[in-house]
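Hi everyone, thanks for making time for this. I'd like to walk you through one structure today, starting with a sheet and then moving on to the side chains. Here it is on the screen.

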Amino acid sequence: MQSSVKFRSFLRGILFGGAAIAGAATAAAQDGSGQSVITAARYVDVLSGKTIEHPAIFVGADGRITNITDARTVRWSSNVKHIDLGQRTLLPGLIDMHVHLDGPADIGGYRGLEFTDSFWGMTAVGAARTMLDAGFTTVRNVGADYRNDIGLKQAIEAGYAVGPRIVPAGYALGATGGHCDSTFLPPSLEHENKEEGIGDTPEELRHQVRRQRKFGSEVIKVCATGGVFSRNTEPGQQQLSEEELRAIADEAHQWGLRVAAHAHGADGIRAAIAAGIDTIEHASLVDDEGIRMAVQRKRPVWFSMDIYNTEYTQAEGAKNGVLEDNLRKDREIAQIQRDNFRKAHKAGVRMVFASDVGVMPHGDGGQQFRVMVEYGMTPLEAIQAATRNAAQALGRERDVGAIAVGRYADIIAVDGDPLVDVRELESVDAVVKGGVLVRGK
């Protein structure tokens, strides 16, 4: 009874305190304090595909866009902070749907055993800042030991670190001995029990979905096939049955979560699509039937294909300690994946931007836009994959993915015209997150 009284008292404090805060925010809006306005020569409206000249983008104290108007026809109070980005072109902050923030690209293979467990989470702090500076204001981190991504998200939101908005997965799910399991150590060094996230029946995998959600995961990552950078697995090898994948998808959807399936092989891709998985990661060896299924499925499914990073892994992998067997698999699927990206896009598969940074340096993700255009997309389509499409695939269209009223003022600026030269996105000139200038001037 005593705890119940304390809870009701605590709740009243929140409610009345919230009303006071709301009243203060209203007063601030009336005199302009706490607000800002962002101006530049033009911005790209990724929803319409049009370029709008002379924007004045007004941002409220909560970091969301309140109004967009013509800067030549409006005046604002001196209490409104002005972020003038000059003659640049504005775009929505970029969204990378496949990142590994706690994986330095220059540490491969068994070299990872040189470092203590907490090392990886420490490196993620710098990686997050690097990604934000590169223009990625939202990222989906698809799997992290020790829930490093969840902790980093909390640290950024609490102001202890600087980085993008993170959609974390926590531990990835998979089968014993599969790509998401530990595959580099002998039995004597393994845990007696299964690794976190590992299950071998639909029931075990449902439990893992619930467990990851319980501790802060906002997306469920599952490995449907073997992979490139694991040991004793092949990319084309299916590792979870359609029944197991369906159990994961059904459980996640029941809890309001979406599911990303690592799936290189054609069989695993088809099983994941049939099971209701939301995004297919890599999709390297997809066949015509998998493409047809992706186009026709009633519940939208998105391909999340990392078609740039092989240039880095083949050039630097051996020096970084990556095993030759892993580099062999990387070589074997690289061109096939790029050709299938072109085929899937041409067929009308929904596509999102995914770089797999962590496999390559975290500041290099923007270099993939060039390859997406080389393999069939227009510059606008490549940009939409990293903005509008990604927000749709995340289910966060009210928050990110476009410069639009109601969404966060997550905005980047480039000197040139990215609709003419998409390589402008390889080196952005200014970054705004939630109406605050975090890079450039």
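Let's start with strand pairing. K433 stands opposite V436 in β18. The strands involved are β17, residues 430-433, and β18, and they pair in the antiparallel sense over 3 bridges. Please keep in mind throughout that this is a predicted model.

Now let's zoom out to the sheet. What is the strand order? It is β3-β2-β7-β16-β17-β18, an open sheet of 6 strands with mixed pairing. At the edges stand β3 (50-53) and β18 (436-439), each with a single partner strand, so one side of each has no neighbour in the sheet. On average, neighbouring strands here are turned by 30 degrees against each other, if you ignore direction.

Helix α2, residues 119-133, lies across β17 and β18, and it runs at about 110 degrees to β18. W120 lies in that helix. Is W120 buried or exposed? Its relative accessibility is 19%, and it counts as buried because the cut-off for buried is under 20%. Setting aside its neighbours within four places in sequence, W120 is in contact with D102, P104, I107, G112, F115 and N148. For a sense of scale, take W120 and T378: they are 258 residues apart in sequence, and their C-alpha atoms are 37 Å apart in space.

A second pair of strands is worth a look. β8, residues 94-99, is mostly covered, with 6 of its 6 residues buried. It is joined by 4 bridges to β9, residues 136-141, and the two run parallel. If you want to find the pairing on the screen, look for D96, whose bridge partner in β9 is V139.

A word on annotation. UniProt, in an unreviewed entry, places the feature "domain: Amidohydrolase-related" at residues 89-438. Over that stretch the chain is 36% helix and 15% strand, and the end C-alpha atoms are 17 Å apart.

Now to the charged side chains. How many salt bridges does the count give? It comes to 32, and I've picked out a few of them.

One is between E53 and R42, whose side chains meet at 3.8 Å, N to O. E53 lies in strand β3 and R42 in strand β2, residues 42-45, so this pair ties together parts that are 11 residues apart in sequence. Both ends are partly exposed: E53 has a relative accessible area of 41%, and R42 is at 22%.

Another is between R88 and D415, with the closest N and O atoms 3.1 Å apart. Where do these two residues lie? R88 lies in the loop between β6 (81-84) and β7 (89-92), and D415 lies in the loop between β16 (411-414) and β17, so the pair ties together parts that are 327 residues apart in sequence. R88 counts as buried, at 16% relative accessibility.

The next one sits within a helix. R370 and E374 meet in a salt bridge at 3.0 Å, N to O. They are 4 residues apart in helix α10, residues 368-374, which means they are separated by about one helical turn. R370 counts as buried at 17% relative accessibility, while E374, at 42%, counts as partly exposed. Elsewhere, salt bridges that share partners join K153, E157, E218 and R396 into one network.

Last topic: cysteines. A search of the whole structure finds 1 disulfide. It is formed by C180 and C223, with their sulfur atoms 1.9 Å apart. The torsion about the S-S bond is about 55 degrees, so the disulfide is right-handed. C180 lies in the loop between β10 (165-168) and α4 (202-214), and C223 in strand β11, residues 219-223, so the link ties together parts that are 43 residues apart in sequence. As for C223, it is buried, with a relative accessible area of 1%.

Note on methods. Residues are numbered from 1 along each chain as its sequence is written. This is a predicted model: local features need pLDDT of at least 70, side-chain atom pairs count only at pLDDT 80 or more; totals for chains, interfaces and linings use all residues. Side-chain values use heavy atoms; hydrogens and water are left out. Two strands pair if DSSP finds at least two bridges between them. Axes are lines fitted to C-alpha atoms, for helices over the stretch in contact, and angles run from 0 to 180 degrees between N-to-C directions. Contact means heavy atoms within 4.5 Å. UniProt positions are given in the numbering used here, feature names are shortened, and annotations may be inferred rather than shown by experiment. A salt bridge is a side-chain nitrogen of Lys or Arg within 4 Å of a carboxyl oxygen of Asp or Glu. Buried means under 20% relative accessible area, exposed over 50%, partly exposed in between (1.4 Å probe, protein chains only). A disulfide is a pair of cysteine sulfur atoms within 2.5 Å.
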